[in-house]
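The following note sets out some points on the model, for discussion. Please read them alongside the sequence and the coordinates.

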Amino acid sequence: MSRSALVENVMAMLEDAGFLVSDRCAIRPKSFDIAARRGEDVLLLKILGNIDAFDAQTGGEMRRLGTYLNATPIVIGLRTRDEELKPGVVYFRHGVPVLSPDTAMDLFVEEVPPLIYAAPGGLYVNIDSEILADVREDRDWSLGRLAKELGVSRRTVSKYEDGMDASVEVAAELEDLFDAPLTSPVSVLDGAEEVRDDEPTPDDPDVAPEDEPIVTVFTRIGFEVHPTDRAPFKSVNESDDQHGQVLAGHSAFTETAEKRARIMSSVGEVTRTRSVYVVDELRRESVEGTALIEKEEMENIEDAVDLRDLIMERGEDREEVA
């Protein structure tokens, strides 16, 4: 299956599952392919045939964007090296959860979360430590008795009851021994933080010299600016008050800039953010809801209220952000 066909299939699957799905980010470089929202769940998705193509720089960018936009970064892929991704298993690349299309279908359409995750050494599951301790005590088994049944040390059983996860084989044996469900799902929509490696998120990239005047304006009027590296927008700008978040881009108004502005509007609709594109020369006022502002006009903005009003006036062809 081609990557384009895979992206289209994933978009259709998410729409069938009730997600609002953004336009595809069909420009390069790009840290994610689509954004999607259902209720309060917001996703940033990278879709690949071979997940080995997912590098650390892209992973870091997706994790940063997930933090700023209150979204879960996810990779959906078919294989790694020469091996197909197993259904029902959560993998990880650079701190980002990775799912096969079948696993994604189960999670988003059938609403059946995965129980298994891959980590160095094999496949593992979350053991509900409290239930395990309860069923062992109800059976009147000592830690040593259970350890003997499992063929492990008493210390290992104690660790299971303290919250350590178990291999798939041990978990299956535990459930057979006690005839009770002891595993808990992997919380993919929370970033699977309970099972993924604690890999620190890289710092924001440096501001490009040509974007420094725009960053200066956002900072001066009270926004915290987060530059991006591979997103369709140059920065995510956050305000602590009612002005919310603004996605911003900046360049001459070329055909590529128009595409970026269109994608920014679509992503902004999903993530409930406004978008603005600063251009060298103003030829029109908006692109599908992304407000266009001339650079000199931007530099003369005095406060966040002026910017908000200008964005809303020029981007009025887009519905209000919920």
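1. Helix H1 covers residues 3-16, has 14 residues and reaches 20 Å from its first C-alpha to its last, close to the 20 Å expected at 1.5 Å a residue; the expected span is 1.5 Å times one less than the number of residues. Helices (H or I, at least four residues) and strands (E, at least two) are DSSP runs numbered from the N terminus.

2. The model is a predicted one, in which local features need pLDDT of at least 70 and side-chain atom pairs count only at pLDDT 80 or more, while totals for chains, interfaces and linings use all residues. Residues are numbered from 1 along each chain as its sequence is written, and side-chain values use heavy atoms, with hydrogens and water left out.

3. Which residues of H1 are buried? They are Leu-6, Val-7, Val-10, Met-11, Met-13 and Leu-14, where buried means under 20% relative accessible area (1.4 Å probe, protein chains only). Seen down the axis of H1, these buried residues fall within an arc of 160 degrees, so they line one face of the helix; the arc is that of the directions from the helix axis to the C-beta atoms. An α-helix has 3.6 residues a turn, so residues three or four places apart point the same way.

4. The cover over the buried residues of H1 includes strands E1 (20-21), E2 (34-38), E3 and E4, together with helix H3 (101-108). Just after H1, Gly-18 takes a positive phi of about 90 degrees.

5. The largest pocket has a volume of about 300 Å³. Of its 18 lining residues, Gly-66, Ala-71, Thr-72, Pro-73 and Glu-193 are the closest to its centre. A pocket is here an open set of points on a 1 Å grid over the protein atoms alone, where a 1.4 Å probe fits, with protein on both sides within 12 Å along at least five of seven lines; lining residues have an atom within 4 Å of a point. Volume is the space filled by probe spheres set on the points, which are joined across faces, edges and corners.

6. Strand E3 (41-50), helix H2 (56-68) and strand E4 (72-80) each supply at least two residues of this lining, and H2 gives the most, with three.

7. Thr-72 lies in strand E4 and counts as buried at 7% relative accessibility. Leaving aside neighbours within four places in sequence, Thr-72 is in contact (heavy atoms within 4.5 Å) with Val-42, Leu-43, Leu-44, Val-188, Leu-189, Asp-190 and Gly-191.

Key. Buried < 20%, exposed > 50% of the residue type's maximum accessible area, 1.4 Å probe, protein only.
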